[in-house]
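These are my notebook entries on one structure. I set down what I looked up, entry by entry.

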Amino acid sequence: MSFKTSFSNLGHPRRIWTVSAIRGQLVPLAAIHNHIYTHCRPGDRVLYTGNYFGGDNAAPGETLDELLYFRRSLLAQPGMMPEDFVYLRGVQEELWSKLLQIHFAPSARNVVEWIAGHHPEMDSILSTYGSSLKDAARIAREGIVPLTKWTIYLREKMRARAGHEKFFTLLRRAAFTEHHGEDARSNDNNILFVHAGLDPSLPLTSQGDRFWWAARSFGAMQKPYHPFRTVIRGADPDDGGVQVGEIAVSLDGGCGRGGQLVCAQMSPRGDVLSLQAA
């Protein structure tokens, strides 16, 4: 992937409406959308932080339909642009892409077993498209030809639901603001949005899959991640709750795990102007 398709440059927005991990919770998502719709203005950005589909009593298909419907509704407002909407790739979306390519895996059976053991919520996503982790485990034992047919079947089911396949092409690894202060050579006032974590010792372009798996490194940050003033994440696998600091902000209110969906209205400098929970 190129830098442009891996990362989203938010420019210098007026406000950034940042939504935490949704995990397939349709009702709170609709409530947050109503709040954003009421207060969002041209020049704002709406940013989602990944893990859209799997959680307690999740409704993955309907959740994705709501995301697409809200995008269309807000785009109908004068001054709103397609680039005002940013969707980060979460762990769940990364695992979904792995499942769609599982016929290329050296040991498909081990991959399915690991996903079933560590991320059983993926079963709800598969059910949206007519399958299950149980099906995946069985087919993985049968060999590459059945696996290939299975992934083709999943893609066909996904294409049958308007906008679903396109949505997965919109996902970005991270997003950042880009504007300069008095010193045109400095962008220390910019902020970075990630899914769950990063490795502070590595530059942005070398993070690889750490955006999904380096959650503890995120929590251990003691100084700003150069050249950004603040790093914001929307998913915390350790369920640490909402935490607002100067160099790191964690917005996961536990939606899909018995908690709430959180939306932060943020300034382009990373200040949390308001928090809305549903």
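Where is the place of Gly241? I found Gly241 in the loop between β8 (230-233) and β9 (243-244). I note that helices (H or I, at least four residues) and strands (E, at least two) are DSSP runs, numbered from the N terminus.

**Entry: the model.** I am working with a predicted model, in which local features need pLDDT of at least 70 and side-chain atom pairs count only at pLDDT 80 or more, while totals for chains, interfaces and linings use all residues. Residues are numbered from 1 along each chain as its sequence is written, and side-chain values use heavy atoms, with hydrogens and water left out.

**Entry: Gly241.** I looked up the accessibility of Gly241: at 24% relative accessibility it counts as partly exposed. The classes are buried (under 20% relative accessible area), exposed (over 50%) and partly exposed in between, with a 1.4 Å probe and protein chains only. Leaving out residues up to four places away in sequence, Gly241 touches Asp236, Ser250 and Asp252; contact means heavy atoms within 4.5 Å. I also noted that Gly241 and Leu251, ten residues apart in sequence, are 7.1 Å apart in space, C-alpha to C-alpha.

**Entry: the sheet with β8 and β9.** I traced an open sheet of six strands in the order β1-β6-β7-β8-β10-β9, with mixed pairing. Two strands pair if DSSP finds at least two bridges between them. The edges are held by β1 (7-11) and β9, each with a single partner strand, so one side of each has no neighbour in the sheet. Within this sheet I looked at β6 (residues 174-177) and β7 (residues 191-194), which run antiparallel and are joined by two bridges. Phe176 stands opposite Leu192 in β7.

**Entry: the other six-strand sheet.** I then traced an open sheet in the order β5-β4-β3-β2-β11-β12, where the pairing is mixed. At its edges are β5 (171-172) and β12 (272-277); each has a single partner strand, so one side of each is left without a neighbour in the sheet. Strands β3 (residues 45-48) and β4 (residues 85-88) run parallel and are joined by three bridges. I found that Val46 has Phe85 as its bridge partner in β4, and that Leu47 has Val86.

I next asked what covers β4. In a regular strand the side chains alternate between the two faces of the sheet. Both faces of β4 are covered: Phe85 and Tyr87 on one side, and Val86 and Leu88 on the other, are all buried.

Helix α2 (residues 26-39) lies across β2 (16-19), β3, β11 (262-266) and β12, and runs at about 180 degrees to β2. For such angles, axes are lines fitted to C-alpha atoms, for helices over the stretch in contact, and angles run from 0 to 180 degrees between N-to-C directions.

**Entry: Arg45.** Is Arg45 buried or exposed? Arg45, in strand β3, counts as buried at 14% relative accessibility. Not counting residues up to four places away in sequence, its contacts include Trp17, Glu83 and Asp84.

**Entry: two asparagines.** Asn51 and Asn57 are both in the loop between β3 and α3. Each has a positive phi in a residue other than glycine: near 55 degrees for Asn51 and near 50 degrees for Asn57. Asn51 is buried, with a relative accessible area of 7%, whereas Asn57 counts as exposed at 79% relative accessibility.

**Entry: helix α4.** I checked α4 (91-100) and found nine of its ten residues buried, so it is largely enclosed by the rest of the structure. Among the buried residues are Val91, Trp96 and Leu100.

**Entry: the cavity.** I found that a search of the whole structure gives one cavity of 30 Å³ or more. A cavity is a set of points, on a 1 Å grid over the protein atoms alone, where a 1.4 Å probe fits but cannot get out; lining residues have an atom within 4 Å of a point. The largest cavity has a volume of about 40 Å³, a volume being the space filled by probe spheres set on the grid points, which are joined across faces, edges and corners. Its lining includes Phe53, Tyr129 and His164, and α3 gives the largest share, three residues.

Conventions:
On a 1 Å grid over the protein atoms alone, a cavity is a set of points where a 1.4 Å probe fits but cannot get out, and a pocket is an open set with protein on both sides within 12 Å along at least five of seven lines; lining residues have an atom within 4 Å of a point.
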